[in-house]
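Good morning, and thank you for coming.

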Amino acid sequence: MELNSIADSLKNKCILVTGSTGFLAKCDRERSVQSSERKAKKRIRFAHLRQGFSLTGDISCPNLGIVEANLVETMWNDIDIIVNAAATTIFYERYDVALAVNVLGAKHVLEFAKNCKKLEILLHISTAYVAGEQAGLISEKPFQMGEALNGAPGLDLHAELRLAEERLKELRAEDVELRAERASMKQLGLQRARHYGWPNTYVFTKALGEMLLGHYRGELPLVILRPTMITSTLHEPFPGWMEGTRTIDTVIIGYATGQLTCFLADLELTMDIIPGDMVVNAMLATLASRASHRTGSIYHVGTSVSNPVTFALLEECGFRYFERHPRIGKDGSPLGTHRLPVYSDLPSFQRYMVLRYRLPLEALRVTNAAFCRLFQSRYDDLSRKYKFVMHMVDIYKPYAFFKGCFDDLNLERLRREMAEEAKAGFSFDPKCINWEDYLMNIHIPGVLKYVHK
């Protein structure tokens, strides 16, 4: 099947997008409307689930939290396509919250989709890092219900839901402070994820959501899209746009603000990043080819196979960018630019942290006690930097040493099916990206302008 025009294939379709305030959904809406307006017609109707748009709902509730029965019935009769982009993407989210949104949310979207009379496709946005910390070539294959990455037995979705609910009841019965409740629920999610082989709560609950969809979808046409690390837009709606701090952007912002004084990573390894508008173009292409997805499909959307880029280039481009555009200190004067020390193994990083932070912090603690907290501001500043670096390492170490690459054979097949007109207007071929130009002239300035501000 050749895709001649993605815009034409979606004309007059009623599309329900969940999570429409998120970065990807905003890109999707902008791209779809933009492409249809080029034809001088508004051909795509959207029902948005979040306050501020035409509908307010909650995917953690049955019927997506829409209480008006007449409206629900109308939607079931009218909707042709559902895009489930709603998710909590916080790595160390509360376990109850992550389960409610990433797992129960997927369940409720699936149940809603099964009631839609003329549904053509359900597109579910996941993440390629449901693969955990696998090495080598990672294929586009589905999870089986109860499949743990490390082979640990006993992974039961319903048991995990009960566990989170019971733990929350215990905490509230003990009348603990909200901060303690939050910390306990976050720790529970991390423990459960690592018990079954995932590095954090986010990717664990996204994997559980995929299991649920695959197991209960029946004959419903389902596509699961797994993007890698999503970065700022390459072209549309304009270069460098993004919202929210994403994986590598925390490093850029930490360096720009002076909070990040070193990092732990293997610079020779590949970081699989993909511009947001390319992910959206891949989403639209899969929707346009929906007739071929009756058996269900999974697509990796990434660059590690087609056009790999290393952490070394990010470090080099970051240094050169800030050398050309010096950071400004609190007093308004330019700050000097230096290479960020990067440690490629844990022992050398730990030695650095002891010498750079732990010993000075201990000396300041003793001095403060002797001189009536005279150096408290210095102690607080150093302690804050230490905690920031350790937090960064704890979150991103699995990705800084990730030795896998994501096979994108299904997406490559879809690219080959597209006519030249569709390829020109909706490119998602990573081979066209010049990484040095993108990082230096688009992504780093975009992070500083739209995220760090």
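A search of the whole structure finds 1 cavity of 30 Å³ or more. Please bear in mind throughout that this is a predicted model. I shall begin with that space and then turn to the helices.

The largest cavity holds about 350 Å³ of space. Its lining consists of 22 residues, and Val251, Phe263, Leu314, Glu315 and Leu340 are those that lie nearest its centre. Which helices each supply at least two residues of this lining? They are α8 (247-257), α10 (311-324) and α12 (376-400). The largest share, 6 residues, comes from α10. By class, the lining of the largest cavity has 18 nonpolar residues, 3 polar and 1 charged.

Let me move on to an open space, the second largest pocket. About 650 Å³ of space lies within the second largest pocket. This pocket is lined by 22 residues, and nearest its centre lie Ala256, Thr257, Gly258, Arg327 and Leu335. Two or more residues of the lining are given by each of α8, α12 and α15 (435-452). How do the lining residues of the second largest pocket divide by class? There are 8 nonpolar, 9 polar and 5 charged residues. I would draw your attention to α8 and α12, which contribute to the lining of the largest cavity and also to that of the second largest pocket.

The axes of α4 (residues 95-114) and α7 (residues 201-216) come within 9 Å and cross at roughly 20°. The two helices are therefore roughly parallel to each other, and α4 passes α7 in a right-handed crossing. On the α4 side, the residues in contact include Tyr95, Leu99, Val103, Ala106 and Leu110. Their counterparts in α7 include Tyr202, Phe204, Leu208, Leu212 and Tyr216. By class, this contact has 12 nonpolar, 4 polar and 3 charged residues.

Helix α5 (residues 157-173) is another partner of α4: the two axes come within 9 Å and cross at roughly 145°. Here α4 passes α5 in a left-handed crossing. From α4, the contact is made by Tyr95, Asp96, Leu99, Val103 and Leu104, and from α5 by Leu157, Glu160, Leu161, Ala164 and Leu168. This contact has 8 nonpolar residues, no polar residues and 2 charged residues.

Finally, I would note that Tyr95, Leu99 and Val103 of α4 take part in the contact with α7 and also in the contact with α5. Thank you for your attention.

Key: Residues numbered from 1 in each chain as written. Predicted model: local features only at pLDDT ≥ 70, side-chain atom pairs only at ≥ 80, totals over all residues. Heavy atoms only, no water. Axes fitted to C-alpha atoms, helices over the stretch in contact; angles between N-to-C directions. Helix = DSSP H or I, 4+ residues; strand = E, 2+ residues; numbered from the N terminus. Parallel < 35°, antiparallel > 145°, perpendicular 65-115°, else oblique. Left-handed = near helix turned anticlockwise from the far one by under 90°. Contact = heavy atoms within 4.5 Å. Nonpolar A, V, L, I, M, F, W, Y, C, P; charged D, E, K, R; others polar. 1 Å grid on protein atoms, 1.4 Å probe; cavity = no way out; pocket = protein on both sides within 12 Å on 5 of 7 lines; lining within 4 Å. Points joined across faces, edges and corners; volume = space filled by probe spheres on them.
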